[in-house]
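Some terms in a structure description only make sense next to their cut-offs.

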Amino acid sequence: EMEYVRWFHRYELVATSATPSLPSTSGCPSKLFDQPQIYKPFVRKCVMRGNVETGSVREIIVQSGLPATRSIERLEFLDDNEHILHVKFIGGDHMLKNYSSTLTMHSEVIDSQPGTVVIESFVVDIPEENTKEDICYFVENLLRCNLRTLADVSEESLASPC
Ligand code: A8S
């Protein structure tokens, strides 16, 4: 039981959500995985290993000035029908250990217009040398930035149906 308690407390769950009003009523999460640089302002480059499918891996190179340079990320689960994208960070030189995120897209009526709500949540280990507040502040700001940009660029392509 101690093991269980210890395991449980290594993780912190924080949900963040944003409600960008995307033009299409059904987004396509698989379009997000191989071209994150289109909607993640801090991603400079993305190199895919293989096709976009469950299990495939991408390497992200981020803009300079951040506390990391690269991240290796695996597509853990993808469902374009249910609009779910689940990604796990499996390597890189960043401090986000055991980070994984879940992004879902939902058709909603927003201001009397059909739109898409995108919700992203994450779990991550809190390293000894950081507080939960610091890590959450850092990640939540990045996710908020990404989701806001996604809402802005979605008109062109990303949120259209698969
Ligand atoms: C995402 C979410 C995050 C990405 C973070 C939190 C990151 O790409 C950046 C800076 C870092 O220090 C960590 O969905 C890492 O992309 C922008 C390189 C992982």
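Q: Which residues lie nearest the centre of the largest pocket?
A: Val62, Glu73, Phe89, Leu96 and Leu142 do, out of 29 lining residues. The model is predicted: local features need pLDDT of at least 70, side-chain atom pairs count only at pLDDT 80 or more, and totals for chains, interfaces and linings use all residues. Residues are numbered from 1 along each chain as its sequence is written, and side-chain values use heavy atoms, without hydrogens and water.

Q: What makes a space a pocket, and what makes a residue part of the lining?
A: On a 1 Å grid over the protein atoms alone, a pocket is an open set of points with protein on both sides within 12 Å along at least five of seven lines. Lining residues have an atom within 4 Å of a point. The largest pocket holds about 540 Å³, a volume being the space filled by probe spheres set on the points.

Q: Which element gives the largest share of that lining?
A: α3 does, with 5 residues. β3, β4, β5 and β6 also supply at least two residues each. Helices (H or I, at least four residues) and strands (E, at least two) are DSSP runs, numbered from the N terminus.

Q: How do the lining residues of the largest pocket divide?
A: They comprise 20 nonpolar, 4 polar and 5 charged. Ala, Val, Leu, Ile, Met, Phe, Trp, Tyr, Cys and Pro count as nonpolar, Asp, Glu, Lys and Arg as charged, and the others, Gly among them, as polar.

Q: Which residues of α3 are buried?
A: Among them are Ile135, Val139, Leu143 and Leu150. Buried means under 20% relative accessible area, exposed over 50%, partly exposed in between (1.4 Å probe, protein chains only). The face turned away from the buried side carries exposed Glu133, Tyr137, Arg148 and Asp152.

Q: Why is β3 called largely enclosed by the rest of the structure?
A: Because 5 of its 6 residues are buried.

Methods
On a 1 Å grid over the protein atoms alone, a cavity is a set of points where a 1.4 Å probe fits but cannot get out, and a pocket is an open set with protein on both sides within 12 Å along at least five of seven lines; lining residues have an atom within 4 Å of a point.
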